[in-house]
Amino acid sequence: MIHVAIVGSGPTGCFVAEFLAKKHQTIQIDIFDRLPTPFGLVRAGVAPDHQQTKRISQQFDRTLQRDNVRFVGNVEIGRTISYDSLKQHYHAIVIATGAFIDKPLPGIDDPIKGIYGSAHFAGWYNSHPEHCKQPPELNGPEVAIIGTGNVALDIARVLSKTTTELSDSDINTDTEKAINEAGISDIYIIGRRGPEHASFTNMELTELNKLENCTILTDADRLPEQTPDISDAGQRRAVEQNLATLREYSNHAQQNQKIRLHLMFNYNLSGTENSNGKLTALSLTDNSDSKNDLRLPAQTLISAIGYRSEVIPGIPFNEHHGRFEHTDGLIEPGVYCAGWCKRGPQGVIPTNRSDANSTGKRILADLADTTVSKAGFSGVADQLDQQAPVFYEDWQTIDNAEQSRATNHRPRTKFSDTDAMIAQIL
Ligand code: NAP
């Protein structure tokens, strides 16, 4: 029997498990996660109103139900079980922990209330237990978001939606209430480069225009007249589509909607102002030829500039890139990485499938002739005694409890602390 440990039950971990479980007859795959709940980013990163995207968890659920796959939640590798112990007892280890630490926003060193990273902010509105311990405070009507990626658009959209628009989402009602009570009037999405360099995709950009109570505004003067020369046809088409959508938005008049969402390009954040330690305004340096620097009132600043992976003690880490040190996915003999902790936070969920499959293929090739016997889960199980591991059937209990707590048309009301989750299974 071959024993494989996968660290992280997000999309990549589940894709690797599915691949290996299908391709090998005598394999046991144990997926460890530090949360009592599986699916990583699908549960705690994908926006709560994107239920269609979250539906992929049904496929991952089927993977976890396979006879040769074991989910072990509430177990942290590097703390509950050491990395060395895992290496001792498994033939192969796949690190698939993703990237969920906010990259620091350059120039923001002082602790000012009202400044948050997108991992924390999106984690909060997705009821991630770590991020709900210190919920962000929305202290006023003006919110600024740095970065022009899909995460920035997700955050702006969730902050702008009405109760009706959120009615089939899985945002918790107390989170929604906190957003409503902030009385948001203006959201500024600020890119340091021009719109032709924005990394948001057109589907997400056009989705903004469907918002019931929000007008999308952008300055026509900041949009290039021509699409720049881009040799890759697909990329050129993507930029053309974005520019066409933005041109349409630049014709919007300031209507009577409750919220104005401003898409701003070519501005660098150069400073902040605060009153008694609470953010009050931003200084923006104009990077365009017009050199029209701005002072922007804002009580909340969310940095959506990308993520880093978290260090696991004992595993070589590349601090500069914020991910594990590896050569083509191999960290050291028998230890592999896949997904965002290997490539960085790029691409959509299905991008991780091909990455996971190639990792799976490599593992099977490397283990093809192995005659070494390993204990697998039984070798590490005694380290879990104090920890209340959460197995698949326990997750089902938590899942059912969340669904039965759901109000109105919502799919679930999530537990936002691990004790409440564990209490369901004791
Ligand atoms: P992203 O697409 O890499 O965008 C990061 C943004 O931050 C870029 O606009 C970047 O600008 C900016 N930035 C980086 N460093 C900066 C700095 N020091 N100062 C100012 N701006 C800075 O990252 P993301 O939005 O976090 O998304 C991560 C991945 O998840 C992406 O692949 C995304 O497509 C995916 N995702 C997909 C969906 C969806 O499909 N609906 C939803 C959410 C996320 P520069 O270009 O100038 O560096």
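Trainee: Is arginine 79 buried or exposed?

Mentor: The relative accessible area of arginine 79 is 57%, and the classes are buried for under 20%, exposed for over 50% and partly exposed in between, with a 1.4 Å probe and protein chains only. With that value, arginine 79 is therefore exposed.

Trainee: What kind of model is this, and what pLDDT do its local features need?

Mentor: Residues are numbered from 1 along each chain as its sequence is written, and side-chain values use heavy atoms, with hydrogens and water left out. The model is a predicted one, in which totals for chains, interfaces and linings use all residues, side-chain atom pairs count only at pLDDT 80 or more, and local features need a pLDDT of at least 70.

Trainee: Which residue has a side chain joined to that of arginine 79 by a polar contact?

Mentor: Arginine 79 sits in the loop between strand 3 (69-72) and helix 5 (83-89), where helices (H or I, at least four residues) and strands (E, at least two) are DSSP runs numbered from the N terminus. A polar contact is a pair of N or O atoms within 3.5 Å; within protein, one must be able to donate a hydrogen and the other to accept it, and residues adjacent in sequence count only if both atoms are side-chain atoms. Here the polar contact spans 3.0 Å, and the partner of arginine 79 is glutamate 76.

Trainee: At what distance does a polar contact join the side chains of arginine 412 and aspartate 399?

Mentor: Arginine 412 is placed in the loop between helix 15 (392-404) and helix 16, and because its relative accessibility is 15%, this arginine counts as buried. Neighbours within four places in sequence aside, the residues in contact with arginine 412 (heavy atoms within 4.5 Å) include Arg43, Asp170 and Trp395, as well as Asp399. The side chains of arginine 412 and aspartate 399 are joined by a polar contact of 2.8 Å.

Trainee: How are helix 1 and helix 13 oriented to each other?

Mentor: The axes, which are lines fitted to C-alpha atoms over the stretch in contact, with angles from 0 to 180 degrees between N-to-C directions, come within 8 Å and cross at roughly 45° for helix 1 (residues 11-23) and helix 13 (residues 351-366). Angles under 35 degrees count as roughly parallel, over 145 as roughly antiparallel, 65 to 115 as roughly perpendicular and the rest as oblique. Helix 1 and helix 13 are therefore oblique.

Trainee: Is the crossing of helix 6 and helix 8 left-handed or right-handed?

Mentor: Helix 6 (residues 118-125) and helix 8 (residues 150-160) pack at about 40° with axes 11 Å apart, which makes helix 6 oblique to helix 8. A crossing is left-handed if the near helix is turned anticlockwise from the far one by less than a right angle, and right-handed if clockwise. For helix 6 passing helix 8, the crossing is left-handed.

Trainee: How far apart in space are alanine 420 and isoleucine 398, C-alpha to C-alpha?

Mentor: Alanine 420 has its place in helix 16 (residues 418-423), and because its relative accessibility is 22%, it counts as partly exposed. Alanine 420 and isoleucine 398 are 22 residues apart in sequence, and their C-alpha to C-alpha separation is 9.2 Å.
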